[in-house]
Every structure is written in C-alpha cells, then in structure tokens.
Amino acid sequence: FRSTRRTVCSSPSPPPPSTTMSGKPILTYFDIGGRAEPIRLAFSIGGWDFVDRRIKKEDWPSVKATMPAGQLPVLEVNGTVYTQSHAILRFVGAEAGLYPLGVQRLKTDELIEIVTDIFSSLPQDQDQETKKKKREEFIAGKFSTLVNLIERRVTDNKGKFATGDDLTIADLTIYAVVKGLRSGLYDYFPTNLFDKYPAITGVFDNVAAHPKVQAYYKDHAN
C-alpha cells in the first residue's frame, strides 16, 4: 500500500506496509456497507489507496461465476484474489495498525466473532409473518444475550473504544453493524435497538467522530 496522506488523528500512525504491492489492492463487494464496510474504513484510516469496486445487484449473477468461492467480499492483492471477510479485515487492519497483539488481539477477535455469531444466525423465512415472528424471538433471545455480552466487555475495558483507548478493527465492526441496523438494513429489527446500550453507542459515536471516518463518508454515501 502507499500512504496517501499523513495520519492526523490521535491514534498511533500506521506502520510502513509490510507487503510489497504491484499496484493498488482491489476490494470487491456490493454497493452497500455490509461486510466490506469495516474493511473500507480500515483502508481509509490507514491512509492507503485501494480500488473500491462495487457490484450492482443486477450484475451479480455474471460476476459470481468469476469469484473463487462464489461470494463477496474479495480482495485482489498482487494478482491473487483472496476470500473471507475476516481474513481480509485482519490483513488490512494489521497493515493499518488497527489489529493489536497479545491480549488486546484476543479482545479484538472475541468482539468480532460475537458480532459475527449474531448476524450469521439471523432467522430467515419466505413467509414474512413467520420471518417477523422468528426475528422478534431472536431479538429477545440470542441477540439480547450476545449484545449484552458485548456491552459488558466494552464497559469493563474502560476506554474510548471497544478494547480500551486504541481504535481497532473490532470498533469498525461494531460501528458498521450499528450503522446498518439504524439504516433499516435488517428486516423487523427496530432501528433504535442499540440505543439502550450506552457502551456500544459510545464506541459508535467515537468511531463516527474519527477524522478519517468523517473524511471517508464525505466521499461515500454508505
């Protein structure tokens, strides 16, 4: 990656890239936030150029056949296309100085996996009334249990961000999920559902206030 500008935030400046690049990495995802949003933000906070390739819904069937696993996001680096959103996020996060070591890495990974556990098990059903009932039960059960765990972890870490005072990819993951829910991305989820979790909303607000995040959203609608 190549630095596009000097880091102006209070977070530590990202280290020099450890990987030799033959051109800009290419991130491919749909034209929404979703799983790619924390990755896009990590690139932007790191100040590194990348190609943000966004696929329109109507173009996906033809693009899908060209993807290694038939799914998105993917990241092309040095001519190789890599899959799996968490692997990509951790790679970019490490390059951006947003993926710490030791116990802080454990804290970061735990929070990311809890969020993934929540939203990878959303009830689905073709019948909308059944789907609505299932999701209401899910919110009262598993969702509540796991979100309360995140809230306790963030509270116990006693910092500006989810794992303490340093911004990590866990914060970007939490931010993207709260932003998506507030936008109405998830059917039958109240858009104010996270408002009763002050630690989580505090993380959201602090990420939103980050100068690089604000700069990113000046140029992107999502």
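**View 1. Strand β3 (residues 74-77) and strand β4 pair in the antiparallel sense over 3 bridges.** Two strands count as paired here if DSSP finds at least two bridges between them. Helices (H or I, at least four residues) and strands (E, at least two) are DSSP runs, numbered from the N terminus. Look for Val-77, which stands opposite Thr-80 in β4. Before you go on: this is a predicted model, so local features need pLDDT of at least 70 and side-chain atom pairs count only at pLDDT 80 or more, while totals for chains, interfaces and linings use all residues. Residues are numbered from 1 along each chain as its sequence is written, and side-chain values use heavy atoms, with hydrogens and water left out.

**View 2. Zoom out from that pair, and you get an open sheet of 4 strands in the order β2-β1-β3-β4.** The pairing in this sheet is mixed. β2 and β4 (80-82) stand at the edges with a single partner strand each, so one side of each has no neighbour in the sheet. From one strand to the next, the twist averages 25°. Helix α3 (residues 85-95) packs on the sheet, touching β1, β3 and β4, and its direction makes about 50° with that of β3. Contact means heavy atoms within 4.5 Å. Axes are lines fitted to C-alpha atoms (for helices, over the stretch in contact), and angles run from 0 to 180 degrees between N-to-C directions.

**View 3. Strand β1 (residues 26-30) and strand β2 (residues 51-55) run parallel, joined by 5 bridges.** Thr-28 has Arg-53 in β2 as its bridge partner. To get from β1 to β2, the chain goes through helix α1 (residues 37-46), and this β-α-β crossover is right-handed. That label applies if, with the strands pointing away from the viewer, the path from the first strand over the helix to the second runs clockwise.

**View 4. Here α1 meets α3, with axes that come within 9 Å and cross at roughly 15°.** That makes α1 roughly parallel to α3. Angles under 35 degrees count as roughly parallel, over 145 as roughly antiparallel, 65 to 115 as roughly perpendicular and the rest as oblique. The crossing of these two helices, α1 and α3, is left-handed, meaning the near helix is turned anticlockwise from the far one by less than a right angle (clockwise would be right-handed). Pro-38, Ile-39, Ala-42 and Phe-43 of α1 meet Ser-85, Ile-88, Leu-89 and Val-92 of α3. Sorted by class, the contact of α1 with α3 has 7 nonpolar, 1 polar and no charged residues. Ala, Val, Leu, Ile, Met, Phe, Trp, Tyr, Cys and Pro count as nonpolar, Asp, Glu, Lys and Arg as charged, and the others, Gly among them, as polar.

**View 5. Helix α4 (residues 102-119) and helix α5 (residues 128-157) have axes that come within 10 Å and cross at roughly 165°.** The two helices, α4 and α5, are therefore roughly antiparallel to each other. α4 passes α5 in a left-handed crossing. Residues making the contact include Leu-111, Ile-114 and Ile-118 of α4 and Phe-143, Leu-146 and Ile-150 of α5. The residues of this contact of α4 with α5 divide into 11 nonpolar, 1 polar and 5 charged.

**View 6. α5 also meets helix α7 (residues 198-208), with axes that come within 8 Å and cross at roughly 70°.** That makes α5 roughly perpendicular to α7. Among the residues in the contact are Val-147 and Val-154 of α5, plus Pro-198 and Val-203 of α7.
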